[in-house]
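Here is a short report on one protein model. Look at the sequence and the fold, then read on.

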Amino acid sequence: MQRVLDYIDQHLDDDLDLETVSRVAAFSKFHFHRQFTATFELSVHRYVQLARMKRASHQLAHCTAHSVTDIAMDAGYDAPDAFARAFRQRFGQSPSSFRKSPDWEPWLAAFGPLDNARSKLMQHAFTHDDVTIRDVPPMPVAIMEHRGDRATLGDTIQRFIAWRKAAGLSPATSPTINVFRSERTPAVAADYSMDLCVGTDQPIAANEEGMKAGVIPGGRCAVLRVVGASNNMEPAALFLYRDWLPASGEEVRDFPIYCRRYLTFSPEEPVHDAVAELFLPLK
């Protein structure tokens with residue numbers, strides 16, 4: 001099943017019918033269909049639909065060079081009208097409206113089944129050998145704070161991306177840092193807290209977006225590299241806190257755990273190419 005999900009990630013533009021995908025799993029298509037549905041609580045067809053629609057929504061939000069027609073075709077629709085109907089039914093917005101001003105709350109809800117399916121197999125079994133200790137230099141950054149329900153995080157990310165584009169801070173030259181100041185799912189949704197940062201030492205002028213200058217402090221850090229779908233860093237963070245830290249004899253410093261993303265999401269890149277490093281500051 002892991003091999004199947006990897007194959008789907010890498011072949012979203014290909015014909016992913018039941019017979020093709022079942023061959024990847026080395027099952028008969030009838031047995032495979034039952035097994036896939038029992039494992040993920042989604043049919044193969046539904047899973048592929050959601051994966052393509054998720055890529056399409058990212059293309060709409062982040063890739064203005066792609067026309068809605070091209071995105072519709074890439075998502076497997078024969079005509080833009082059919083894509084628009086399906087998109088509106090799932091997200092409550094037309095593709096053009098989503099492109100101008102994405103409403104991320106229904107978007108998160110719509111992809112709940114896909115995220116739940118992926119989480120069943122996409123958990124990496126970390127070991128203590130995966131963790132290294134580094135002396136990290138301080139990094140000046142520009143910070144956009146997100147405070148409040150994680151369902152609205154997408155809006156903050158959009159403002160953050162727009163600001164860094166206007167400032168000319170490309171992900172290729174200016175690192176992306178996320179500082180996690182709360183649990184991923186706190187008991188009270190409004191308590192969710194994260195800082196979106198981009199590495200820069202340029203002065204930050206007063207701005208409507210609320211960007212401000214700050215510093216990721218230097219010092220010793222336990223570093224855990226995460227390769228693959230890195231949109232959920234909680235399993236890696238829990239491994240560092242619950243497993244690695246007690247066995248290491250180390251003590252944490254008074255700064256939150258944070259991650260550095262080395263490849264920002266691009267709809268053309270397969271999910272498995274995403275790379276992030278999680279930093280746990282130590283005394």
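In which helix do F32 and F36 lie, and how many residues apart are they? Both belong to helix 3, which spans residues 29–40. They sit four residues apart, about one turn of the helix. Keep in mind that this is a predicted model.

**Aromatic rings**

The structure holds 12 aromatic pairs. F32 and F36 form a tilted pair, because their planes stand at 55 degrees, with ring centres 5.6 Å apart.

Helix 2 covers residues 18–25. Which of its residues are buried? They are T20, V21, S22, V24 and A25. These buried residues pack against three helices: helix 1 (2–10), helix 3 and helix 4 (44–62).

Just after helix 2 comes A26, with a positive phi of about 60 degrees. A26 is not a glycine. Most residues other than glycine have a negative phi. A26 is placed in the loop between helix 2 and helix 3. Is A26 buried or exposed? It is exposed, because its relative accessible area is 62% and the exposed class begins over 50%.

E41 also has a positive phi, near 60 degrees, and is a residue other than glycine. E41 is found in the loop between helix 3 and helix 4. With a relative accessible area of 64%, E41 is exposed.

**The second largest pocket**

The second largest pocket has a volume of about 250 Å³. It is lined by 14 residues. Closest to its centre are H45, V48, Q49, R52 and A75. Which helix gives the largest share of the lining? Helix 4 does, with five residues. By class, the lining has six nonpolar, four polar and four charged residues.

**Q93 in its loop**

Q93 is found in the loop between helix 6 (80–91) and helix 7 (95–100). Q93 is buried, because its relative accessible area is 11%, and buried means under 20%.

What does Q93 touch, leaving out residues up to four places away in sequence? Its contacts are F87, R88, F98, S101, P102 and D103.

**I257 in its loop**

I257 has its place in the loop between helix 11 (234–248) and strand 7 (258–261). At 5% relative accessibility, I257 counts as buried. Again leaving out residues up to four places away in sequence, I257 touches N178, V179, F180, A237, L240, Y241, L278, F279, L280 and P281.

A109 lies in helix 8, residues 104–110. A109 is exposed, with a relative accessible area of 57%.

A167 is in the loop between helix 10 (153–166) and strand 3 (176–180).

**Distances along the chain and in space**

| Pair | Apart in sequence | Apart in space |
|---|---|---|
| A109 and R90 | 19 residues | 9.4 Å |
| A167 and I204 | 37 residues | 9.6 Å |
| I257 and L60 | 197 residues | 32 Å |

**In brief**

A26 takes a positive phi of about 60 degrees, and phi of E41 is near 60 degrees. Then turn to Q93 and I257. Q93 is buried at 11% relative accessible area, and I257 is buried at 5%. Last, find the pocket of about 250 Å³, where helix 4 supplies five lining residues.

Key
Residues numbered from 1 in each chain as written. Predicted model: local features only at pLDDT ≥ 70, side-chain atom pairs only at ≥ 80, totals over all residues. Heavy atoms only, no water. Phe/Tyr/Trp six-rings, centres within 6.5 Å; stacked < 30°, edge-to-face > 60°. Helix = DSSP H or I, 4+ residues; strand = E, 2+ residues; numbered from the N terminus. Buried < 20%, exposed > 50% of the residue type's maximum accessible area, 1.4 Å probe, protein only. Contact = heavy atoms within 4.5 Å. 1 Å grid on protein atoms, 1.4 Å probe; cavity = no way out; pocket = protein on both sides within 12 Å on 5 of 7 lines; lining within 4 Å. Points joined across faces, edges and corners; volume = space filled by probe spheres on them. Nonpolar A, V, L, I, M, F, W, Y, C, P; charged D, E, K, R; others polar.
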